[in-house]
Amino acid sequence: MKAIILLFFVSTLLLCRVPRAASATCNPLDLISCSDAIMNRTPPTELCCNKLKQQEPCFCQYKKNPTLKRYVNSENGKKALTACGVPIPTC
């Protein structure tokens, strides 16, 4: 079942590329390293935290996307942001 959820998550990211922000390349695929933290409640890795910090300017765009917003708004998503010292978006 976890494999199916992960496959869905990756497929969703592939289909939902978000336009670029001014200072960051907004590519939700860059957050694949965070899939365990978001889907399975595991602590985020250093790579995940680095990617979250790089993608921070994109989170408001992700929240507007019907497919991606559930990951940004999820409890596990918020826990990963907090654990990495990234502010939770308030847009």
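Leaving aside its neighbours within four places in sequence, which residues is L52 in contact with?

Modeller: L52 is in contact with L31, C34, F59, A80, L81, C84 and V86, once neighbours within four places in sequence are set aside. Contact here means heavy atoms within 4.5 Å.

A word on the source. This is a predicted model, in which local features need pLDDT of at least 70, side-chain atom pairs count only at pLDDT 80 or more, and totals for chains, interfaces and linings use all residues. Residues are numbered from 1 along each chain as its sequence is written, and side-chain values use heavy atoms, with hydrogens and water left out.

Now the helix around L52. In α3, the buried residues are C48, C49, L52 and Q55. Buried means under 20% relative accessible area, exposed over 50%, and partly exposed in between (1.4 Å probe, protein chains only). These four sit on the same side of α3, because they cover an arc of only 135° around the axis. The arc is taken from the directions from the helix axis to the C-beta atoms. Among the elements covering the buried residues of α3 are α4 (59-64) and α6.

Q55 belongs to this helix, α3, which runs over residues 46-55. Helices are DSSP runs (H or I, at least four residues), strands are E runs of at least two, and both are numbered from the N terminus. Q55 counts as buried because its relative accessible area is 2%. Beyond four places in sequence, Q55 touches T25, C26, N27, P28, D30, L31 and Y62. L31 is also on the contact list of L52.

Next, the core. The largest nonpolar core has 18 residues, and L31, C34, L52, F59, Y62 and V86 touch the most other members. Such a core is a set of buried Ala, Val, Leu, Ile, Met, Phe, Trp, Tyr and Cys residues, joined through side-chain atoms within 4.5 Å. At least two core residues come from each of α2 (35-40), α3, α4, α5 (69-73) and α6. α3 gives the largest share, three residues. In soluble globular proteins, nonpolar side chains tend to be buried together.

A83 is in helix α6, residues 75-83. A83 counts as exposed because its relative accessibility is 55%. Its C-alpha lies 9.8 Å from that of T45, 38 residues away along the chain. N40 sits in α2 and is partly exposed, at 32% relative accessibility.

Now the whole chain. The protein chain has six helices and zero strands. Buried residues make up 37% of its 91 residues. Of the contacts with a separation of 6 or more, 62% join residues 24 or more positions apart.

Last, confidence. The chain averages a pLDDT of 81, and 74% of the residues score at least 70. pLDDT is the predictor's confidence in each residue, from 0 to 100. Residues 3-8 fall below 50, with four contacts in the model beyond near neighbours in sequence. Residues 13-23 also fall below 50, but that stretch has 26 such contacts.
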